[in-house]
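Subject: Structure for you to look through

Dear colleague,

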Amino acid sequence: MKQSVLSRYRVMAYVTAVWLLVFTAAIILKYAFKVGDTMLISQVHGVLFIIYVIFAFDLGSKAKWPFGKLLWVLAAGCIPVASFFVEPKITREVRPLVTDGDAATAEA
């Protein structure tokens, strides 16, 4: 598996987590304090989450995860702050599977 697969997942895990926190704060402001609107924030988060799901599926298929683990990783993208704890664990597990593409071509 290439390093880029893991890097894309890691970036989107953090970006999606931050936008989920922003979205959560906007919802609290909207319904608890009657301030602001959540339409734009929810749409941005929705698009980012779709990209996160695609990259998580890509990583999971290349790492040959069982379906339950993939669902666990996807659920982490739906729970505020969960991605901040799940992403480092997934990175530690997947990093040994990463091959350096330059080293493979240099040896051939």
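What follows is an account of what was found, going from the whole chain to single residues.

Please keep in mind throughout that this is a predicted model.

**The chain as a whole**

The secondary structure of the protein chain consists of five helices and zero strands, and the order of its elements from the N terminus on is α-α-α-α-α. The radius of gyration of the protein chain is 17 Å, well over the 13 Å that the globule rule gives for 108 residues, and the chain is therefore more spread out than a compact globule. Along its principal axes, the C-alpha trace spans about 65 × 25 × 20 Å. Of the 108 residues in the protein chain, 34% are buried. If you take the contacts in the protein chain with a separation of 6 or more, 70% of them are between residues 24 or more positions apart.

**How the helices pack**

Two packed helices are described by the angle between their axes and the distance between the axes. With that in mind, you can look at two pairs in turn.

In the pair of H1 and H4, the axes are 10 Å apart and the helices pack at an angle of about 175 degrees. Angles over 145 degrees count as roughly antiparallel, and H1 and H4 are therefore roughly antiparallel to each other. On the H1 side the contact is made by Leu 6, Tyr 9, Arg 10, Ala 13, Tyr 14, Ala 17, Val 18 and Leu 21, while H4 brings Ser 83, Phe 84, Val 86, Glu 87, Pro 88, Ile 90, Thr 91 and Val 94. Sorted by class, the contact of H1 with H4 has 12 nonpolar, two polar and two charged residues.

In the pair of helix H3 (residues 67-76) and helix H4 (residues 82-94), the axes come within 9 Å and cross at roughly 140 degrees, which makes H3 oblique to H4. Here Lys 69, Trp 72, Val 73 and Ala 76 in H3 meet Ala 82, Ser 83, Val 86, Lys 89, Ile 90 and Glu 93 in H4. The residues of this contact of H3 with H4 divide into six nonpolar, one polar and three charged.

**The nonpolar core**

Which residues have the most contacts inside the largest nonpolar core? In this core of 23 residues, they are Tyr 9, Tyr 52, Leu 59, Trp 65, Val 73, Ile 90 and Val 94. Helix H1 (3-32), helix H2 (39-63), H3 and H4 each supply at least two residues of the core, and H2 gives the most to it, with seven residues. To see one of these residues in its surroundings, you could look at Val 73, which touches Tyr 9, Tyr 52, Ala 56, Trp 65 and Ile 90 when residues up to four places away in sequence are not counted.

**Some single residues**

Is His 45 buried or exposed? His 45, which has its place in helix H2, is buried, with a relative accessible area of 9%. Not counting residues up to four places away in sequence, His 45 touches Thr 16, Trp 19, Leu 20, Phe 23 and Gly 77.

Arg 8 is in helix H1 and is partly exposed, with a relative accessible area of 32%. Leaving aside its neighbours within four places in sequence, Arg 8 is in contact with Phe 55 and Asp 58. The C-alpha atoms of Arg 8 and Lys 89 are separated by 16 Å, and these two residues are 81 residues apart along the chain.

Glu 93 is found in helix H4 and is partly exposed, with a relative accessible area of 33%.

Finally, please look at two loop residues. Lys 34 lies in the loop between H1 and H2, and its phi is near 55 degrees, a positive value in a residue other than glycine. Lys 34 is exposed, with a relative accessible area of 69%. Val 81 has its place in the loop between H3 and H4, and its phi is near 70 degrees, a positive value in a residue other than glycine. Val 81 is partly exposed, with a relative accessible area of 38%.

With kind regards

Key. Residues are numbered from 1 along each chain as its sequence is written. This is a predicted model: local features need pLDDT of at least 70, side-chain atom pairs count only at pLDDT 80 or more; totals for chains, interfaces and linings use all residues. Side-chain values use heavy atoms; hydrogens and water are left out. Axes are lines fitted to C-alpha atoms, for helices over the stretch in contact, and angles run from 0 to 180 degrees between N-to-C directions. Helices (H or I, at least four residues) and strands (E, at least two) are DSSP runs, numbered from the N terminus. Angles under 35 degrees count as roughly parallel, over 145 as roughly antiparallel, 65 to 115 as roughly perpendicular and the rest as oblique. Contact means heavy atoms within 4.5 Å. Ala, Val, Leu, Ile, Met, Phe, Trp, Tyr, Cys and Pro count as nonpolar, Asp, Glu, Lys and Arg as charged, and the others, Gly among them, as polar. A nonpolar core is a set of buried Ala, Val, Leu, Ile, Met, Phe, Trp, Tyr and Cys residues joined through side-chain atoms within 4.5 Å. Buried means under 20% relative accessible area, exposed over 50%, partly exposed in between (1.4 Å probe, protein chains only). The radius of gyration is taken over C-alpha atoms; the globule rule is 2.2 Å times the number of residues to the power 0.38.
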